[in-house]
Amino acid sequence: MNNVELDRKYIWHPFTQMKIQAEILPVKRAAGSRIYLEDGSELLDCISSWWVNVHGHAHPHIAARIGRQAAELEHVIFAGFTHAPATELASRLVPQLPGAMAKIFFSDNGSTSVEVALKMAVQFFSNHGKKKTRILAFENAYHGDTFGAMSVGGRSTFNTPFEDMFFEVDFLPLPQVGDDTALQRLENYLEQHEYAAFIYEPLVQGSAGMVIYDAAGLNEILARCREKNILLIADEVFTGFGRTGTLFASQQLAVKPDMMCISKGLTGGFLPMGITACTQQIFDAFYSDDKMKALYHGHSYTANPIACAAACASLDLFEDPSCFKNIQRIATAHQQFALQITGKVAVRSVKVCGTILSIELETGDQSGYFHSLRDKIYYYFIKKGLLMRPLGNVIYVLPPYCFSDEELKTVYTAIDELVNQPLINLL
């Protein structure tokens with residue numbers, strides 16, 4: 001049996017209806033911005049392999065650091081022990097975090113970093129003798145697929161079977177320029193309830209369709225929450241590590257978070273790891289002679305040394321001035337292309353935030369993740385040698401920072417050809 005046949009027999013893929021999945025593509029290797037398939041063809045990775053790969057596949061600097069670390073210390077229990085890769089990562093990362101972050105807690109991925117933040121928020125008040133468990137979040141948010149993360153995510157087909165098991169969350173609409181609906185709803189909620197925390201994806205809601213929203217309006221909401229002693233949790237799992245043009249999106253906001261959730265680009269796309277960062281104030285609520293005030297949370301692979309080494313190597317690359325020059329180069333190219341296609345008949349809207357280019361196609365009917373055009377558009381790009389993964393009728397470009405100008409031009413040309421034809425041709 002070949003790899004595709006073995007896959008079909010034994011593997012269950014994420015976000016996939018296995019019965020009708022048309023094609024599984026077997027990958028042999030990857031390097032830089034390119035994925036090489038077993039049949040000899042190649043794809044440009046235009047979405048950084050689900051947003052994790054920031055510097056390019058198989059980057060030699062990160063790979064070499066991983067190899068050295070694997071030969072020295074592959075893993076050790078992190079309860080009662082520490083090691084150099086973890087302390088190096090913590091001491092280098094914390095000073096670069098926005099606001100007054102002081103401590104980091106290691107976990108396994110984005111969803112678990114959110115779970116940790118939510119538990120920190122609720123127990124913070126419990127340790128102070130207060131019961132505050134209700135959470136605020138944005139409509140259509142996505143914070144992961146574990147139960148706490150689903151609870152604070154937008155209600156959708158993805159989580160309908162589990163809704164009766166979610167805890168109490170109230171949702172705000174995204175702030176819009178010239179519209180105070182979000183702030184008004186917040187005030188209504190504040191008259192009715194007390195809240196432990198507000199969790200938000202700063203500047204961009206990724207899974208909702210690369211929705212780029214008003215920073216000034218978000219600042220107002222954050223400021224009001226802080227006045228009411230509501231802890232602020234910035235979910236930067238997606239927006240972190242240069243995606244919005246700065247190392248973290250929260251650096252572009254006046255009001256800084258009390259906690260941050262970090263993953264995806266953390267290890268340069270090599271290994272799974274999550275981090276929940278918090279201020280000294282949060283940490284101090286757990287720092288006690290009373291064992292019952294400890295945060296009883298952990299994972300077998302907490303602070304895995306190999307993953308920590310990968311993250312340190314990735315930070316090396318971010319500290320090279322050429323990295324942010326590439327980020328700015330990609331952002332500028334996106335902005336120029338956005339002007340070029342704005343107003344095309346097939347284009348409903350175009351937005352750019354840093355290295356994120358988001359294009360909502362004009363379909364004449366309801367939008368959404370399950371839009372009938374989604375699969376057609378996906379295979380349209382695959383046939384052109386491009387890995388794009390549309391969010392319903394929204395296509396986006398989110399490349400690793402090694403993407404060349406010529407590769408960007410290839411992607412833009414394919415998009416231009418798509419929006420210059422009647423979309424009905426794809427049906």
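**Close-up views of the predicted model**

View A. Cys261 counts as buried because its relative accessibility is 0% (buried means under 20% relative accessible area, exposed over 50%, partly exposed in between, with a 1.4 Å probe and protein chains only). The closest cysteine sulfur to that of Cys261 belongs to Cys278, 11 Å away and therefore too far for a bond. Cys323, at 5% relative accessibility, is likewise counted as buried, and its sulfur lies 10 Å from the closest cysteine sulfur, that of Cys402, again too far for a bond. Across the whole structure, 0 disulfides are found (a disulfide is a pair of cysteine sulfur atoms within 2.5 Å). The model is predicted: local features need pLDDT of at least 70 and side-chain atom pairs count only at pLDDT 80 or more, while totals for chains, interfaces and linings use all residues. Residues are numbered from 1 along each chain as its sequence is written, and side-chain values use heavy atoms, with hydrogens and water left out.

View B. His334 belongs to helix α11, residues 321-341 (helices are DSSP runs of H or I with at least four residues, strands are runs of E with at least two, and both are numbered from the N terminus). With 0% relative accessibility, His334 counts as buried. Its side chain forms a polar contact of 2.7 Å with the side chain of Tyr412 (a pair of N or O atoms within 3.5 Å; within protein, one must be able to donate a hydrogen and the other to accept it, and residues adjacent in sequence count only if both atoms are side-chain atoms). Beyond neighbours within four places in sequence, the residues in contact with His334 include Val352, Ile356, Leu408 and Tyr412 (contact means heavy atoms within 4.5 Å).

**View C. Helix α8 and its cover.** Helix α8 spans residues 215-227. Its buried residues include Leu218, Ile221, Leu222 and Cys225. Among the elements covering the buried residues of α8 are β5 (135-138), α7 (181-192) and β10 (231-235). At the start of α8, a side-chain oxygen of Asp214 comes to within 3.4 Å of the backbone nitrogen of Ala216. Asn229, which follows α8, has a positive phi near 60°.

**View D. The open sheet.** The sheet comprises 7 strands in the order β4-β12-β11-β10-β7-β5-β6, with mixed pairing (two strands pair if DSSP finds at least two bridges between them). Because β4 (101-107) and β6 stand at the edges with a single partner strand each, one side of each has no neighbour in the sheet. Strands β7 and β10 run parallel and are joined by 4 bridges. Ala197 stands opposite Leu231 in β10.

Notes: Expected span 1.5 Å × (residues − 1).
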